[in-house]
Amino acid sequence: MTEPAAAEVLQRLAEVLEERRRADPERSYVAGLYHQGLDAILKKVGEEATEVVLAAKDGQREALVRELADLWFHTLVLLVHQGSGPQAVLDELARRFGLSGLEEKARRGRDGGRGAGGNRSDEREPPSSPG
């Protein structure tokens, strides 16, 4: 059996997360997060991001991969909560592919510090895609 493509895995997960929006918060962790609202989801994303940083700093490869999976999962929860999904992020990454980091930064500067992703000029720059 072949492994599913990463985009397919992300899309399938987003579909499950969408289904959980209608689930009983008493029986589903994700439904519980949705029920608690945006602030609870954002708090969880922040916690997971911190755990990624700590695992990376400690040089724990397996822990880093697990924590990154948790972070990706919770950012997908956030995307679905906000009415979006992984395809929007994949499309943005594809748009950036082949652009240098300096070129991407300059493009964001030309539109008032906000790129297609809505980054403010006072936010840290995300890593650029290969290119």
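**Helix packing and salt bridges**

Tutor: We start with α2, whose buried residues pack against α1 (6–20), α3 and α4. Keep in mind that this is a predicted model.

Student: Which residues of α2 are buried?

Tutor: Val 30, Ala 31, Gly 32, Leu 33 and Tyr 34 are the buried residues of α2. Just after α2 comes Gly 37, with a positive phi of about 100 degrees.

Student: How do α2 and α4 pack, in angle and axis distance?

Tutor: Helix α2 spans residues 29–36 and helix α4 spans residues 61–81. They pack at an angle of about 50 degrees, and their axes are 11 Å apart.

Student: What is the hand of the crossing?

Tutor: The crossing of α2 past α4 is right-handed.

Student: Which residues make the contact?

Tutor: From α2 come Tyr 29, Val 30, Leu 33 and Tyr 34. From α4 come Phe 73, His 74, Val 77, Val 80 and His 81.

Student: What is the make-up of the contact of α2 with α4 by residue class?

Tutor: Seven of its residues are nonpolar, two are polar and none is charged.

Student: Now the charged pairs. How many salt bridges are there?

Tutor: The count is seven.

Student: What makes Glu 47 and Lys 44 a salt bridge?

Tutor: The cut-off is 4 Å between a side-chain nitrogen of Lys or Arg and a carboxyl oxygen of Asp or Glu. The closest N and O atoms of Glu 47 and Lys 44 are 3.6 Å apart, so the pair qualifies.

Student: Where do Glu 47 and Lys 44 sit in the helix?

Tutor: Both are in helix α3 (residues 38–57), three residues apart, so about one helical turn separates them.

Student: Which other salt bridge does Lys 44 form?

Tutor: Lys 44 also forms one with Glu 48, with the closest N and O atoms 3.4 Å apart. These two are four residues apart in α3, again about one helical turn.

Student: How do you know whether Glu 48 is buried or exposed?

Tutor: Buried means under 20% relative accessible area. Glu 48 has 4%, so Glu 48 is buried.

Student: Why are Lys 44 and Glu 47 called partly exposed?

Tutor: That class lies between buried, under 20%, and exposed, over 50%. Lys 44 has 21% relative accessibility, so Lys 44 is partly exposed. Glu 47 has 31%, so Glu 47 is partly exposed.

Student: What about Arg 95 and Glu 92?

Tutor: Their side chains meet in a salt bridge at 2.7 Å, N to O. Both lie in helix α5 (residues 86–96), three residues apart, about one turn of the helix. Arg 95 is partly exposed at 34%, whereas Glu 92 is buried at 15%.

Student: Last one. What makes Arg 66 exposed?

Tutor: Exposed means over 50%. Arg 66, in helix α4, has a relative accessible area of 52%, so Arg 66 is exposed. Arg 66 and Glu 51 are 15 residues apart in sequence and 9.7 Å apart in space, C-alpha to C-alpha.

Terms used:
Residues numbered from 1 in each chain as written. Predicted model: local features only at pLDDT ≥ 70, side-chain atom pairs only at ≥ 80, totals over all residues. Heavy atoms only, no water. Axes fitted to C-alpha atoms, helices over the stretch in contact; angles between N-to-C directions. Left-handed = near helix turned anticlockwise from the far one by under 90°. Contact = heavy atoms within 4.5 Å. Nonpolar A, V, L, I, M, F, W, Y, C, P; charged D, E, K, R; others polar. Buried < 20%, exposed > 50% of the residue type's maximum accessible area, 1.4 Å probe, protein only.
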